[in-house]
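Open the model in your viewer and keep the sequence panel beside it. This tour tells you what to select at each stop.

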Amino acid sequence: MSDSYQPKMPSQEEQDSAIDLLKNIGQVMVTWQGIESLVFDVFRYFFAPDHYDVAAVAFFAVQALETRMQMIDALMAQFANEQQIGDWSLIHKKIRKKSKGRNIAAHGNFVFFGKHPKRKAFLGKSTFDIGKFPKAPAEKDFYSHKELEEWAKSFILLSKDVHDFLSELKQDQALLLKLRARPQRVEESDQLYPRVYHIPQAP
């Protein structure tokens, strides 16, 4: 591309298409935030209410969503029953699958495709990701307004799944008793297996 290259200014029709796509991207991101908030709600349920701040600090210290989900996997494996573990596993798989749409909305390239003045706005892979961006791109290689709308709707449905799962967890008194049991196993281990620290004596 030469320094003298000047992109064509979008027509009104193209501007309208761009605005619609930007709205769709916003819907995808906002509805995904709902899922991530509910995932934290599941995580913090394993902590006593007066330790929610501790749970929040630990959870948000981890940036990768998959790692956060694995933290919940570990809590489920330790404290939940087989039915709950199975239900959570299905939700985890759904979130992992749906997260691909969220990542595309967050990191994809906004592009016009077609011929001026009737180009359509699409979302696609980065043109600089040469290993994945097609050499001869076609419209099917991009994500349309309709696809982004479907992602947002599916995120809302997935949020309901997570919400319903959490509601069922909260009804399980056996789980609650296990989470609030005293002494905790770590406390028992401290008593049964006292640790000896070899600290050098001051001269």
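Start with Gln 63, in the loop between helix H2 (52-61) and helix H3 (65-79). Helices here are DSSP runs of H or I with at least four residues, and strands are runs of E with at least two, numbered from the N terminus. Gln 63 is exposed, at 67% relative accessibility. Buried means under 20% relative accessible area, exposed means over 50%, and partly exposed lies in between, with a 1.4 Å probe and protein chains only.

A word on the model before moving on. It is predicted: local features need pLDDT of at least 70 and side-chain atom pairs count only at pLDDT 80 or more, while totals for chains, interfaces and linings use all residues. Residues are numbered from 1 along each chain as its sequence is written, and side-chain values use heavy atoms, leaving out hydrogens and water.

**Into the interior**

Select Phe 155 in helix H5 (residues 145-170). Is Phe 155 buried or exposed? Phe 155 is buried, with a relative accessible area of 1%. Show its contacts, meaning heavy atoms within 4.5 Å. Leaving aside residues up to four places away in sequence, Phe 155 touches Val 28, Thr 31, Trp 32, Ile 35, Lys 98, Gly 101 and Arg 102. Then pick Arg 96: Phe 155 and Arg 96 are 59 residues apart in sequence, and their C-alpha atoms are 12 Å apart in space.

**Salt bridges**

Side chains of opposite charge can pair when their charged atoms come close. A salt bridge here is a side-chain nitrogen of Lys or Arg within 4 Å of a carboxyl oxygen of Asp or Glu. How many salt bridges does a search of the whole structure find? The search finds 10.

Select Arg 68 and Glu 36, whose side chains form one at 3.8 Å, N to O. This pair links distant parts of the chain: Arg 68 is in helix H3, Glu 36 is in helix H1, and they are 32 residues apart. Arg 68 is buried at 7% relative accessibility. Glu 36 is partly exposed at 25%.

Next, take Lys 94 and Asp 161, a salt bridge at 3.2 Å, N to O. Lys 94 lies in helix H4 (residues 82-107) and Asp 161 in helix H5, so the pair ties together parts that are 67 residues apart in sequence. Lys 94 is partly exposed, with a relative accessible area of 40%. Asp 161 is partly exposed too, at 30%.

Move to Asp 141 and Lys 140, which meet in a salt bridge at 3.5 Å, N to O. Asp 141 is partly exposed at 26%, and Lys 140 is exposed at 70%.

Finally, select Glu 13, Lys 118 and Lys 120 together: salt bridges link them in a network.

**A charged patch**

For the last stop, show the surface and select Asp 16, Asp 20, Glu 149 and Glu 150, which form a negative patch. Patches use residues with over 30% relative accessible area and no salt bridge; like charges are joined within 9 Å, and nonpolar side chains (Val, Leu, Ile, Met, Phe, Trp, Tyr) within 5 Å. Helix H1 (12-45) and H5 each supply at least two residues of this patch. Zoom in on Asp 16, in helix H1. Asp 16 is partly exposed, with a relative accessible area of 38%.

Conventions
Areas by Shrake-Rupley, 256 points an atom, 1.4 Å probe, with all protein chains shown as cover. Lys, Arg positive; Asp, Glu negative; His and termini not counted. Charge placed at Lys NZ, Arg CZ, Asp CG, Glu CD.
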